Each structure stands twice: as structure tokens, then as C-alpha cells.
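Trainee: I have a new model to read. Please show me how to go through it, feature by feature.

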2 protein chains.
Amino acid sequence: MTKTDSTLDKPIYTISAAAKLLNISVHTLRMYEREGLIVPFKKESNQRLYSQGDIDRINCIRNEINESKISINGIKTIYSMIPCWDIVKCTKKEREKCGFFNGSNLPCWTYNHNQNICGTKTCRDCIVYSQYSECNNVKELIKSIAR
Amino acid sequence: MTKTDSTLDKPIYTISAAAKLLNISVHTLRMYEREGLIVPFKKESNQRLYSQGDIDRINCIRNEINESKISINGIKTIYSMIPCWDIVKCTKKEREKCGFFNGSNLPCWTYNHNQNICGTKTCRDCIVYSQYSECNNVKELIKSIAR
DNA sequence: CATAGTTGATAATTATAAATATCAACTATT
DNA sequence: AATAGTTGATATTTATAATTATCAACTATG
């Protein structure tokens, strides 16, 4: 892992610091989380912390909402099209029993999947969430899986 | 072609008849068209005509807007993820010079593509538009192209 | 232990997307 | 030729998504 990557991933901003950076309210940040757009780091005390990667991600989401005029439910649906099953290399059998694969229109990281290959892994640490979910780049992901 | 198919495709409803069937105004229908969600049949006089398939399609779109709370721009972006290049079997070379393939976030049928494989074909008659663009089923299309 | 910041939940507000209305000019059909 | 319906364009209205405010209880940190 490069220095840059670990810098991007380190949860350092409190919710109020993140809100200030993003020029939005803390309530909006919690709303995005409730909607499943973001998965902030949580301390044992349940306090949220955001990394620079989180800030970048949220800026991207806000651009989709404010400039591209895509509603939050639209973004969720777009996220649901990320081919995580190809990224993490699910087997045919694993796909068959995965509720997300079989019809969810929510992001995979909002889907309870401790029955499948993801097990108890924290979605925040999964490459699907951390590296393959730029909200404005899902089409490229789709192209990359084509036979 | 089966009898059912040709029945579905036949442009028989005027815009006012279609609006009545769908319980919306004619203005809304023209708006959907301007936004690129639908491509109604046009007579030589420029008058629009809608088939039963069009009605079904619009009902599906309205369900996404009103029930799933996906904005029109969201639906456009979702449509842009339909892998038309796989459906119509574009070659690698054709994909390289296709502006839609290379980055458009609008439906392929709103993209001027008389430079590529589609040529001067009417999008309304293309299977991508007529058979592979159920707005609530794009995820299944994506799954079907995976290697 | 005191201050500043956090938590979740509910309510209120604001911004704007979606839908409709209006208009004059044009077209279809009887 | 007359009526009903169409066209596109602009303006207005309505519905509601997105955001913010408020609250009391709880937590972090100097």
C-alpha cells in the first residue's frame, strides 16, 4: 500500500470537521449514511470519523445530486449496479444464494450479507466500497466486466 | 414475429389518447420525449403516435419516478448503462469510435450515432430500445454480459 | 468536572424537479 | 370550411426531495 493510500483511508475528521470541509450540515452527513451512500468509520463509542477518501467520495455524491440532478434513490440504484460479484470473484454458487446479486436495487454495502462470501467483513474495508464505487464511474466498471 | 409482438409495436394512440390511458397530461408526455426517455412514432406530419409497448414503457418510467423516487436524470443515467454494444454486437473498433460507448451518461438512443454501427437506423426500431430497456431491469442486463 | 461536540429522532424549512397551464400557429378529419 | 386535436415554446403551479433546525441525552477531552 502506498503512503497516499493510507493517508486517504485514515479516519481523522469528526463529523463537524467533515461538515465544515464539505460546507454542509452534520445532519446531511448522517442522512447520507442512513440512506446508505456512505459508511464512515465508527469508534467504539459510536462516534463517526471521516477520512480524506470519505470527503472525496461525498464531494462526488454531492456533485451528482446538485449538478447532475440525480436523486439519492437514483444514486442508490446506480450503486446497486456495481458488479461486486465480479470484483470480489464470487463463485456461481455464492451468487445463487446472494440476495444482493439476486435483485437488490440498493448498494451492496447496505445489504446484510453475512450468509455469503463477504461474511462479517466490514464493508468500509472492502475494495468494492473503497475503490470501486465512484458514483460517476459505474458505467466504466460495467464495461470492464464484459466478455 | 408473433401476433403479440406486432400488436405491442403498432403505433395506434394519439398523444391525447395515450395521456388519457396513462392519466397524465400531453405536456408530460412531450417532456419525457424531450428528456430522451421515450421515442414515439412520428407520422410524416410530425404527429406522435404511441403503441401499447410505449404505454407499458411509460408506466414503468412513471413507477420509477413516483414510487422508487428516481429523478428523470437518474433514469437517464441508468439507461446509459444498458450495454447496447453487447446487445448489437459492436466490434472493438466500432466501440473505439463510438461517443456513446466512450462516456455518455445519456441513453444511447439520444446519442447521434450515424457515424457508428447504428448508422441511420431509427432507434425506436432498435432492439436495444424496444426490447432491452425496461427501466427497472438494467441490473439483469449487466449480469447477463459478465464473463 | 466542565465545555464542546456528539448521538438519534422528530419537525420545519427550502429548493427545485415534475407536472400543468397558456398561447398562437399548424394539421387531421368529417 | 369548420371543429377538434396537434405542434412547440414559455410561464406557472404543485409536489416533494433535500436540507436544516431543534431537542434532550450522552460522550470526548483538556
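Trainee: Which domains does the domain assignment give for chain A?
Mentor: Domain bounds come from an automatic or database domain assignment. For chain A, that assignment gives domain 1 (1-69) and domain 2 (73-147). Their centres, taken over C-alpha atoms, are 20 Å apart. Note that this is a predicted model: local features need pLDDT of at least 70, side-chain atom pairs count only at pLDDT 80 or more, and totals for chains, interfaces and linings use all residues. Residues are numbered from 1 along each chain as its sequence is written, while chains are lettered from A and ligands numbered from 1 in the order in which they are written.

Trainee: How many residues does the contact take from domain 1 and domain 2 of chain A?
Mentor: Two residues are in contact if their C-beta atoms, placed from the backbone, lie within 7 Å. Here domain 1 of chain A gives 9 residues and domain 2 of chain A gives 13. On the domain 1 side, H4(A) supplies the largest share, 4 residues. Helices are DSSP runs (H or I, at least four residues), numbered from the N terminus.

Trainee: Which residues come nearest to DNA strand D?
Mentor: A residue is near a strand if its C-beta atom, placed from the backbone, lies within 6 Å of it. Of the 22 residues around DNA strand D, the nearest are His27(A), Ser45(A), Ser71(A), Thr14(B) and Ser16(B).

Trainee: Which helices each supply at least two residues of that surface?
Mentor: In chain A, helix H3 (26-35) and helix H4 (52-66) do. In chain B, helix H2 (15-22) and helix H3 (26-35) do.
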